[in-house]
Amino acid sequence: MKQYVLVETQQGEQLQGVIVDMDDENVYLVTPVIHQEQRNPYAYGYGYGSPYGYGYGYPPSVGLRRLILPLTAIAALSLLPWY
């Protein structure tokens, strides 16, 4: 609990996060989101880069998300240092 871990799933996906809870069937992780999704700034409203300057648009995807992983989907779990 409350350990920073690297989880590898049965499908080969690797996730880094902090274990916040566990039960008999699932592991609950909080994972960082630090990428910026590729979105068209002209698709909905005015945003940064539009011909009209600053305004309404999509902020970058930065923050935390909570994932629920079934224990049967986890292939490997390893502890990571906090730096």
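**Exercise 1. Work out how much of the chain is buried.**

Start with the cut-off: a residue is buried under 20% relative accessible area, exposed over 50% and partly exposed in between, using a 1.4 Å probe and protein chains only. Now apply it: of the 83 residues in the chain, 24% are buried. Keep in mind that this is a predicted model, where local features need pLDDT of at least 70, side-chain atom pairs count only at pLDDT 80 or more, and totals for chains, interfaces and linings use all residues. Residues are numbered from 1 along each chain as its sequence is written, and side-chain values use heavy atoms, with hydrogens and water left out.

**Exercise 2. Find the secondary structure and its order along the chain.**

First, count: there are zero helices and five strands. (Helices are DSSP runs of H or I with at least four residues, strands are runs of E with at least two, and numbering goes from the N terminus.) Next, read along the sequence, and you get β-β-β-β-β.

**Exercise 3. Say what share of the chain's contacts join residues at least 24 apart.**

A contact means heavy atoms within 4.5 Å. Take the contacts between residues at least 6 apart in sequence; 57% of them join residues at least 24 apart.
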